[in-house]
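Dear colleague,

I am handing over the structure that we spoke about, and I would ask you to keep it open while you read the notes that follow it.

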Amino acid sequence: LELLGFFIVSFTTVSMTERLKKQSQQAKQAQHQAETARYLAEQLLSLTHHDEVLFQGADAIAQALSARVALVGIHHEQMHLVYDTDATHQEKIDLEAAKWVITHQSPIGYQTGNWSQLSYWCIPLQNPHHEPLALFVFIDDTELLSPENLLCLRGLSEQISLALALLYTKEREQVAIRLAERETIQNALLASLSHDFRTPLTTIVGSASSLRDQRDQLSQTQQIALLTLIENEALSMVDDAENILSLTRVETLGELALSADWESPQELISVAKAVYNKPSL
């Protein structure tokens with residue numbers, strides 16, 4: 001009876017020790033996963049490129065679950081690898097699994113309710129404005145295929161999806177800001193062009209009407225001055241039209257239409273002087 005009692009006590013002690021050891025490992029793993037999730041959230045906020053978010057997120061999942069993580073996309077019925085944390089792993093990526101996950105937008109694998117016989121997980125990854133992706137998680141230790149790790153995987157993948165959505169929103173915001181700035185510049189340019197065309201046209205109309213109605217009262221010098229004024233204002237309008245065409249080419253071709261070169265200050269001053277030094281009647 002004493003030996004039996006010692007045996008029962010020893011067995012109970014060993015069982016409790018193993019249980020405590022397992023619980024301790026689970027607690028450490030949960031703490032590690034929580035720290036990984038917090039670190040990933042901090043890192044994702046500082047990233048500004050789509051691929052950086054995907055790569056950083058895949059590395060974080062691989063570290064949290066001690067697994068191989070692969071991101072794949074489907075384009076024209078062909079699968080292409082976006083990122084793989086361990087390309088030397090022997091487990092092959094199943095095209096049909098990736099297609100099913102992307103098409104149905106549902107996870108597959110252990111305790112997901114879909115394709116539960118698989119020894120890995122595959123979940124869809126929301127990817128705004130880009131092709132949808134399937135995220136594969138290959139775990140060598142089958143004991144790590146647990147509901148807790150599946151929950152961790154879902155949480156980390158949601159963080160990645162939210163970061164991608166936020167990045168897409170920021171990109172759209174920048175596009176909207178650029179469009180608004182462009183519209184403002186165009187409106188200012190149109191107002192300036194309208195003023196630049198109105199002024200020489202007023203001068204041309206006034207000079208032409210003076211020549212038509214008061215030619216007999218004007219001297220030969222005054223008539224020549226009015227004709228010269230009409231010619232100068234017409235040439236000024238021709239220059240403005242050429243500038244508008246140049247702006248159109250710049251907008252169409254971008255930097256290829258720009259030809260920056262050094263100009264002489266004397267030449268610039270002479271051009272400004274010719275514009276504002278109108279002949280007097």
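This is a predicted model: local features need pLDDT of at least 70, side-chain atom pairs count only at pLDDT 80 or more; totals for chains, interfaces and linings use all residues.

Strands here are DSSP runs of E with at least two residues, and helices are runs of H or I with at least four, both numbered from the N terminus; two strands pair if DSSP finds at least two bridges between them. Strand β1 (residues 68-75) pairs with strand β2 (residues 78-84) in the antiparallel sense over six bridges, and in their hairpin, which has two residues between the strands, H76 takes a positive phi near 55°.

On β1 there is also antiparallel pairing with strand β4 (residues 133-138), over six bridges, where L71 has L135 as its bridge partner. The four strands form an open sheet in the order β2-β1-β4-β3, with antiparallel pairing, and its edge strands, β2 and β3 (120-125), each pair on one side only.

Helix α3 (residues 95-104) lies across β1, β2, β3 and β4 and runs at about 125° to β4, whereas helix α4 (residues 147-213) lies across β3 and β4, at about 25° to β3. Contact means heavy atoms within 4.5 Å, and the angles, from 0 to 180 degrees, are taken between N-to-C directions of axes fitted to C-alpha atoms, for helices over the stretch in contact.

Terms used
Residues are numbered from 1 along each chain as its sequence is written. Side-chain values use heavy atoms; hydrogens and water are left out.
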